[in-house]
Every structure is written in structure tokens, then in C-alpha cells.
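These are my notebook entries on a single protein model. I set down what I looked up and what I found in each case.

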Amino acid sequence: MATDPSGATSPQPHPDRPHSAPTLAQVAERAGVSLKTASRAVNGEPRVAEATRERVLDAAHQLGFQLNRAASLLARGLTSNLVGLITGDLANPFYSAVAKGVEQELRSHGMQLTVASSDEEPARERGLIGEFVDRQVRALILVSTITDHSDLSSVQSRGIPVVFVDRPGVGIDADSVLLDNRRGARDAVEHLLAAGHTSIGFIGDLSRLDTHRERFAGFEDAMRAASLDPGRWVRHDAHDVQAALDEARDLLTQPDAPTALFTSNNRITIGALRAMIELDAWPALVGFDDFELADVLGVTVVAHDPVEMGRTAARLALGAMDRRHEGPSGIVLPTRLVQRGSGERLPRG
């Protein structure tokens with residue numbers, strides 16, 4: 001199988017050229033562009049006009065030209081086309097959606113994604129970072145459970161961009177893509193207050209996570225603005241469905257049970273729903289994060305777009321690889337309240 005300096009191979013003869021594999025030079029000649037422009041176009045690089053890119057790709061298709069990505073990277077002095085993504089918990093559909101967005105964006109640029117889960121264990125996350133660096137990934141995208149990232153500056157010094165998703169980097173200058181967690185939580189609680197609820201419970205994730213702290217802060221903002229005690233019906237550290245079920249059951253069986261609940265992520269919402277079914281107790285409910293069947297179940301949620309979050313993180317990583325932006329970018333994506341019925345229930349009595 002022949003390979004030219006651009007990394008082109010052809011596993012099968014093409015009808016237009018039955019005896020030899022087409023080369024990038026031939027693609028450039030047919031498209032009427034320089035070899036350098038043709039290389040940029042087929043490699044998905046920036047600084048190529050869209051009309052020119054389409055002309056080059058059309059010529060490549062006509063000739064049966066195929067790009068050997070590995071050889072192309074080697075020709076440009078690169079040793080890997082991998083980007084590493086480390087999430088907190090692969091069992092959470094939110095992270096699957098983020099990974100989908102990252103992979104979609106990387107694939108369009110000839111890059112490949114490799115994913116691992118820290119299971120919210122800092123030591124495991126550090127070990128995974130070391131493994132990815134040893135594998136010479138081009139960039140690291142982190143949903144980090146670590147509370148101090150200053151030591152990751154050594155990764156950046158090796159030319160590996162670091163992008164934080166969902167949770168910010170601490171002690172490091174790095175790109176990040178976050179949600180407007182505090183505003184989204186405040187909107188949820190204000191919605192319950194507007195329905196007449198004054199006893200509102202909060203069930204949250206691990207206390208050390210920035211997302212938890214921001215969402216609880218939004219809960220407190222809304223409650224205090226309404227001159228209500230924000231700490232009366234609060235449960236922290238309900239990281240999985242079972243823990244959330246236990247906490248919701250405890251809240252809803254108290255003599256002065258809250259008439260409404262705000263649950264701070266999708267898995268906590270699912271746990272709370274199971275407790276409500278078990279007890280046949282139906283407080284108003286608003287959950288942070290949309291999830292599959294939430295529309296069928298009539299669950300009001302604070303929604304956002306995790307796939308777009310992943311795409312945005314990948315674009316930042318790609319830009320940092322090519323040094324297309326200077327200094328870290330902090331992008332905050334909006335949330336929106338989606339009313340489906342559960343958050344619109346009126347207080348009992």
C-alpha cells in the first residue's frame with residue numbers, strides 16, 4: 001500500500017486511476033489550488049475558504065483519494081491524534097452526552113477521543129491524567145473531581161492543552177466550559193416560590209464539587225430573597241440514586257415535610273421520584289438537568305445542552321492545539337426552565 005508525504009493511501013484501485021494510488025498533488029492539480037492549500041483542506045485545518053475546501057474535497061472524491069490520518073500526523077511532526085476525556089461518572093447520562101459532543105467535533109477534524117472515568121476519586125483522576133500524557137494525547141478535557149489543579153501546569157508546559165468542563169480549574173490558567181449553575185438553581189426555586197411554596201427542600205450532590213456549591217448557592221439566594229430559612233430541609237452528599245432516594249424518603253416522612261423539592265442533578269431527581277412513588281407523596285419537584293423520559297413523567301427541569309457543552313470544549317481544545325487563541329477562555333452556557341407539571345403543583349391544603 002503506497003503512502004505519499006501527505007499521508008494518502010488507497011486500499012483499492014479507483015476507476016479513474018486503476019494502476020496507482022492518487023496523490024495529494026493530483027488532488028491539488030485537479031482542484032486548481034496549491035499543494036499546501038489542498039493539504040489544509042483535506043486535514044480540516046482552518047484558514048481555508050469554504051468554497052475552496054469543497055472544491056478540494058470534490059476533487060479528492062473524484063480521484064478516489066483517501067487520507068491516512070496517522071501518516072498525515074507523522075508528516076506534520078505529530079505523534080498522536082488522540083484527545084483524552086476524563087469524566088466523573090460514566091454511569092451518568094449527562095457525561096455520555098458531553099462525550100458525544102466532544103467526539104462529534106473532534107471527528108470532523110480527524111481526531112479521535114478516548115474516554116475514562118475517575119469515579120469521583122481524585123487519586124484515580126491523577127493516575128488517568130498520567131496515563132493519557134504517557135500516551136501523548138494532543139489535549140486533555142476534564143470533568144475534574146480534584147480541588148487543586150496547580151500541578152497540571154506541568155502538563156500544559158509539555159504542549160498539551162487542558163480544558164475543564166462542567167467544573168472549573170482551580171489554581172491554573174486553563175480554558176473552561178461551565179453552566180450558569182447558580183442562576184439555573186435560583187430560577188428553579190423562584191418558580192416554586194411563585195407557586196406559593198414556602199417549605200422547599202434541597203437534595204444535593206457531593207459537597208466538595210463546585211457544581212453542588214453553585215447550585216446550593218442559587219437555592220440559598222432565592223430562599224433568602226423571600227425571607228425564608230434556606231437550611232431547614234437540606235441534604236448534601238447524595239451522589240447516587242440510592243442515596244438520593246434515602247434522603248428524599250427522610251425529608252418526606254417528617255411531620256413538617258416540605259411541600260416542594262429542588263434536586264440538584266438528574267440522578268438525584270430520579271432517586272427523589274422513586275421515594276415519591278414509594279411513599280405516594282407528591283410534593284412539587286424541579287430538578288437540575290433534563291433526562292430521558294422526564295417529559296413522559298412530567299418532570300419540570302432546569303435544562304441545558306450537554307452535547308453542545310462537549311462540542312464547545314472540543315473547539316477550545318482544537319484552538320489551543322493550533323494556538324488560535326491567546327489566554328484562557330471561560331465560557332458559561334445558559335440554562336432554561338422547562339415546565340412539565342411537577343414543578344407547578346400547588347402547596348397541599
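**Entry 1. The model**

I note at the outset that this is a predicted model.

**Entry 2. The cavity**

I asked how many cavities of 30 Å³ or more the model contains. The count comes to 1 cavity. I then looked up the volume of the largest cavity, which is about 190 Å³. Its lining is made up of 17 residues, and the closest to its centre are Asn-92, Tyr-95, Arg-167, Asp-205 and Asn-265.

At least two residues come from each of helix H5 (93–107) and helix H9 (210–225). H9 provides the largest share, with 3 residues.

**Entry 3. Helix H6**

I checked the length of helix H6 (residues 122–134) against expectation. Its 13 residues should span 18 Å at 1.5 Å a residue, and the end C-alpha atoms are 19 Å apart, which agrees.

I then asked which residues of H6 are buried. They are Glu-125, Leu-128, Ile-129, Phe-132 and Val-133.

**Entry 4. The loops on either side of H6**

I looked up two residues for their backbone angles. Glu-120 is located in the loop between strand S4 (112–117) and H6. Although Glu-120 is not a glycine, its phi is positive, at about 60 degrees. I recorded this value because most residues other than glycine have a negative phi.

Gln-136 belongs to the loop between H6 and strand S5 (139–142). Gln-136, also a residue other than glycine, has a positive phi near 60 degrees.

Gln-136 has a relative accessibility of 43% and so counts as partly exposed, a class between 20% and 50%.

**Entry 5. Helix H10**

I repeated the length check on helix H10 (residues 241–252). H10 has 12 residues and reaches 16 Å from its first C-alpha to its last, close to the 16 Å expected at 1.5 Å a residue.

The buried residues I found in H10 are Val-241, Ala-244, Leu-245, Ala-248, Leu-251 and Leu-252. They cover an arc of only 130 degrees around the axis, which places them on the same side of H10.

**Entry 6. Pairs separated along the chain**

Ala-294 is in helix H12 (residues 294–297). Its relative accessible area is 0%, so Ala-294 is buried. Arg-340 is 46 residues from Ala-294 along the chain, and their C-alpha atoms are separated by 8.5 Å.

Pro-283 sits in the loop between helix H11 (266–279) and strand S11 (284–288). With a relative accessible area of 1%, Pro-283 is buried. I found Pro-283 and Glu-344 to be 9.8 Å apart, C-alpha to C-alpha, while in sequence they are 61 residues apart.

Ile-146 is in the loop between S5 and helix H7 (153–157). Ile-146 is buried, at a relative accessible area of 8%.

Asp-175 lies in strand S7 (residues 175–179). Asp-175 is a charged residue, and its relative accessible area of 6% makes it buried. Between the C-alpha atoms of Asp-175 and Val-165 I noted 8.7 Å, the two being 10 residues apart along the chain.

Key:
Residues are numbered from 1 along each chain as its sequence is written. This is a predicted model: local features need pLDDT of at least 70, side-chain atom pairs count only at pLDDT 80 or more; totals for chains, interfaces and linings use all residues. Side-chain values use heavy atoms; hydrogens and water are left out. On a 1 Å grid over the protein atoms alone, a cavity is a set of points where a 1.4 Å probe fits but cannot get out, and a pocket is an open set with protein on both sides within 12 Å along at least five of seven lines; lining residues have an atom within 4 Å of a point. Grid points are joined across faces, edges and corners, and a volume is the space filled by probe spheres set on the points. Helices (H or I, at least four residues) and strands (E, at least two) are DSSP runs, numbered from the N terminus. The expected span of a helix is 1.5 Å times one less than its number of residues. Buried means under 20% relative accessible area, exposed over 50%, partly exposed in between (1.4 Å probe, protein chains only). The arc is that of the directions from the helix axis to the C-beta atoms.
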